[in-house]
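The following note sets out points for a colleague to consider when reading this model.

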Amino acid sequence: LIVVLATHNAHKVAEFQKILGAELPGLEVLPYDGPEPVEDGVTFADNALIKARTAARHTGHIALADDSGISVDVLGGSPGIFSARWSGTRDDETNRRLLLAQIADMSSEHRRAHFHCAIALVVPDGTADAGLEHVAHGDWPGAIATEEHGENGFGYDPVFVPEGFEVTAAQLSPGQKNEISHRARAFRALVPVLARLDGG
Ligand code: ITT
């Protein structure tokens, strides 16, 4: 089965390849470099579908797109779908610093947060199963640290302490993160759908 992965985030591509390789070795994943839609949805699922529909239409291949972010309870779920540009820039470090500053005076019980990932799958017109759309979700609960730790991962990983750990996601090995993250969980929920499209 061939799928295009509609993302410009190289970290997502790397995580996908590791998760995919382990779960569905027969899958061939192509990068997408066509037109980019405006992500004007109001939910992770909306935005994942917007990206996947565009890629499916432009390539004629089954398309997958990830929309993800971090939601902090005491901020009412923000940054949420605005995670990638929370500070007005796409600079991960600037975004992390703003988030740490926004909850700087909060005690540990007020630092609860979770990562969320929605992965949309869209089957293009003119192929078997044309028009099929499916969105799989994954959450990763935890809390926001008081300062940055760790060098692995990307985005908010250095400030996110997953539930059950005393280190940040950026201090986990890539293998550990890819077994338990929101992206791993969403992808695992998608495997039966991909396996069925693959004839399995
Ligand atoms: P594409 O739309 O091209 O896929 P993007 O980076 O713009 O790439 P999103 O709009 O889905 O993707 O924003 C996701 C942001 O959420 C990302 O830039 C990080 O700041 C954060 N994020 C998502 N998953 C993460 C993870 O596993 N670890 C750390 N931060 C993550």
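1. The ligand shell. The coordinates discussed here are those of a predicted model. The ligand is surrounded by 20 residues, and the closest of them are Thr7, Asn9, Ser83, Ala84 and Gly155. By residue class, the shell comprises 9 polar, 6 charged and 5 nonpolar residues. Strand β3, which spans residues 62-72, gives the most to this shell, with 5 residues.

2. The annotated aspartate. Asp67 lies in strand β3. An unreviewed UniProt entry places the feature "active site" at Asp67, and the feature "binding site" is likewise placed by UniProt (unreviewed entry) at Asp67. Both annotations should be read as coming from that record.

3. Is Asp67 buried or exposed? Asp67 is buried, because 26 other C-beta atoms lie within 10 Å, and the cut-off for a buried residue is 20 or more. Once neighbours within four places in sequence are set aside, the contacts of Asp67 are Phe44, Asn47, Ala48, Lys51, Ile81 and Ala118.

4. The nonpolar core. The largest nonpolar core contains 52 residues, and Ala52, Ala63, Ile119 and Ala120 have the most contacts inside it. Two or more residues are given to this core by each of β1 (2-5), α1 (10-23), α2 (44-59), β3, β4 (112-122), β5 (133-144), β6 (160-162) and α5 (182-197). The largest share, 8 residues, comes from β4. In soluble globular proteins, nonpolar side chains tend to be buried together.

5. Ala52 within that core. Apart from neighbours within four places in sequence, Ala52 is in contact with Ala6, Ala63, Leu64, Ala65, Ala120, Leu121 and Val122. Of these, Ala63 and Ala120 are themselves among the residues with the most contacts inside the core.

6. Geometry and packing of α2. Helix α2 has 16 residues and reaches 23 Å from its first C-alpha to its last, close to the 22 Å expected at 1.5 Å a residue. After α2 comes Gly60, which has a positive phi, near 75°.

7. Arg57. Arg57 is also placed in helix α2. Arg57 is partly exposed, because 15 other C-beta atoms lie within 10 Å, a count between the limits of 12 or fewer for exposed and 20 or more for buried. The C-alpha atoms of Arg57 and Asp125 are separated by 7.7 Å, although these two residues are 68 residues apart along the chain.

8. The peptide bond from Ser78 to Pro79 is cis, with omega near -5°. Pro79 is placed in the loop between β3 and α3 (92-102). The phi of Asp129 is positive, about 65°, although Asp129 is not a glycine. Is Asp129 buried or exposed? Asp129 counts as exposed because it has 11 C-beta neighbours inside 10 Å, and the limit for an exposed residue is 12 or fewer.

Definitions and conventions:
Residues numbered from 1 in each chain as written. Predicted model: local features only at pLDDT ≥ 70, side-chain atom pairs only at ≥ 80, totals over all residues. Near = placed C-beta within 6 Å. Helix = DSSP H or I, 4+ residues; strand = E, 2+ residues; numbered from the N terminus. Nonpolar A, V, L, I, M, F, W, Y, C, P; charged D, E, K, R; others polar. UniProt positions renumbered as here; feature names shortened; annotations may be inferred. Contact = placed C-beta atoms within 7 Å. Core = buried A, V, L, I, M, F, W, Y, C linked by C-beta atoms within 7 Å. Expected span 1.5 Å × (residues − 1).
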